[in-house]
Amino acid sequence: MTGPEAAGAAGDVTLALRRVSTSLRVGSELRPVVVDVDLDVGAGEIVGLVGESGSGKSMTARTIADALPPGARASGEVLMGGENLLAMSRRRRRAMQPSIGMIFQDPRAFIDPLWRVEDHLTEGLRVHKGMSRADARARAIELLDTVGIDQPERRIHQYPGEMSGGMLQRVMIAGALSVEPTVLLADEATTALDVTTQAGIVRLLDRLRRERGLAVLFITHDLALAHAICDRVYVMYAGRIVEVRSGRRIFDDPRHPYTMGLLAARPKVDSSSRRLPVIQGTPISAMDSPAGCPFHPRCPYVLPECRERIPPLVAVPEGAARCVRATEGSARLSASTQVSSEADVALAVTEENTECS
Amino acid sequence: MTAADPGLDLLLEPAEDLRHKRYGSRLLSGLPKVVVAVSVVLLVVIVTCAIFAPLIVPYNPNTPDLLNPYTGPSAAHLFGQDSAGRDILSRILYGARLSLLGPTFVILIAFVIGVPLGFAAAYAGGWADIAISRAFDLIFAFPALLLAIVIVATFGTSFYSAVFAITVTYIPLMGRVVRSACLVERQKPYVEACRLQGYGSWRILVLHVAPNIGRILVSQTTLYFAYALLDLAALSFLGLGAQPPQIDWGSMLENANQGVFQSATGVIFPALAIILLVVPLNFVADWILEYNRGREERR
């Protein structure tokens, strides 16, 4: 399928996933966690990958970064510069590693606590770029400056324990940038930070992609945040992409019931007394998806055919959605809810459903 | 960001301090600083005495005074005299040398052999791990002292064969600590981050994993030093360790054991010396671990 291609407006594609499927080894069997994912990130783009825990978004990033747990199997194509990372020899693949940077949710856990900031930042430069200690240090100071840390000459001598979480996240970004990757995978990189710090990090990522043409894959479960900063947003459910839209459209005009549910489940500032709308049921991973559309047991707009087969991605304005009713739009869908006989297992998108306080 | 704002810094600083104080004192409360300080002073004093023993002993520790066996403490002989009338104080000071040297050898050799084996087992996994771990289990299966006695019996009684025997039982101890610490450490996210950066596994092992388990290792080694000292003293007490004219505290105990009812000082003072060495070592080992945990917490 080539649906989302149309949305990939910004420049050439730096990272492209084609029919990528990943399975984890559980006991003696392989269980799918990522199924047939197609995804593009262009140079200078921030692309969001949104989903609940277990939806496969982190595993998608790990497939790209070659960081799958032992025994995992990945198929399909992860293309960078026209080459398939999944088909490379171990040696070639390792040589590609510096071109993919990855940052994580908890910088404190992902930085060696015994290494000073300087050592952390210069390690990659010395290993991959063969820089001298002095050159690497000068570069490290520049990097700290780039990521917006004051007094880099002083900070560089500090240990991770002497820095705040937000500052450490900047250090981790600086570390990831040190070897000049073309792709940056941000796995829930702002989730653990307070809102102000989060805004700072997001602004930094935005600046970096503009100044350096960095391709950023921004993984989050916060659809509003993705909407705010991403050029394009992929929504994952049970290991599959269920909707791909421009950052603007995903928020204003979601077409997959799951995306609608995610948006409805956000707390709103103006209505304080109501209980938060939730999506009925529990999220599932790809390994225990039912037959048909994986979302159908929780979907309020379910049709008989949803139980039969997995719908293809249907082109909708500025993207695509994997739903047979994708072209109907949310207004018409909610109007049709009462017709559905599955009302009791319904998704609580409409506010009437939630007045049970 | 307001990180540069000095007013905010001032606001934040007291809060930071309070946090440190709370964690810091709670963690160290199990072990008052005085205890640690006294322990360190004691250890330094004992080591100094051992080094300078020839200069400070009042008498030659091996010169008998057969007319005054089992004499109690006096102005001339502060700790009294033993079965052959030798000065117990001088013997304790001299005995400190072998009593410290023995465990030092044991720990050094066990460290040099056990630590790489532990790393190898953790890192190689598979058959190498099974082979090394089962070999350790095999040695563990024997009671340590019994195994040591068998080894000494095979190689003849001497101080060095006692050291060798104890070393054999300490290699798996060291190896096992390293193996499990290494397995735990390798699971940590920062090690994964290093792999993702494309660093080689040797680099990660030597520069990241090893330093991070160093603190546990230092603490355990300190503790094992104390255990090794006790084990060597036990061998000497059984007459399988230091042989006359060599002196260590274990052999002094063995010697004084026969005359314990004439004069208890020959038993009390070497035993006290052992206690004064082993107990502070335990405290220091604890402190190393707690101190580091306190630092971790702040990180």
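Predicted model: local features only at pLDDT ≥ 70, side-chain atom pairs only at ≥ 80, totals over all residues.
In chain A, eight strands make up an open sheet with mixed pairing, and their order is β6-β7-β8-β3-β9-β10-β12-β11. Strands β6 (100-103) and β11 (314-316) of chain A stand at the edges, and because each has a single partner strand, one side of each is left without a neighbour in the sheet. Between neighbouring strands of this sheet the turn is 25° on average, with direction ignored. As background, strands of a sheet pair through backbone hydrogen bonds, in either a parallel or an antiparallel manner.

**Helices across the sheet**

|---|---|---|
| α1(A) (residues 57-65) | β3 (46-50), β6, β7 (183-187), β8 (215-220), β9 (232-237) | about 150° to β7(A) |
| α8(A) | β3, β7, β8 | about 135° to β3(A) |

Helix α8 of chain A, which spans residues 195-212, contains A:Arg212. This arginine, A:Arg212, is partly exposed because 16 other C-beta atoms lie within 10 Å, a count that falls between the limits of 12 or fewer for an exposed residue and 20 or more for a buried one. Although A:Arg212 and A:Ala43 are separated by 169 residues in sequence, their C-alpha atoms are 8.7 Å apart in space.

**Chain B and its side towards chain A**

The secondary structure of chain B consists of 11 helices and zero strands, so that the pattern read along the sequence is α-α-α-α-α-α-α-α-α-α-α. Of the 299 residues in chain B, 38% are buried, and among the contacts of chain B with a separation of 6 or more, 68% come from residues 24 or more positions apart.

Between the two chains, 17 residues of chain B are in contact with 20 residues of chain A. On the side of chain B that touches chain A, α8 (189-196) and α9 (201-237) of chain B each supply at least two residues, and the largest share, five residues, comes from α8(B). By residue class, this side of chain B divides into nine nonpolar, four polar and four charged residues.

Definitions and conventions. Residues numbered from 1 in each chain as written. Chains lettered and ligands numbered in written order. Helix = DSSP H or I, 4+ residues; strand = E, 2+ residues; numbered from the N terminus. Contact = placed C-beta atoms within 7 Å. Pairing = 2+ DSSP bridges. Axes fitted to C-alpha atoms, helices over the stretch in contact; angles between N-to-C directions. Nonpolar A, V, L, I, M, F, W, Y, C, P; charged D, E, K, R; others polar.
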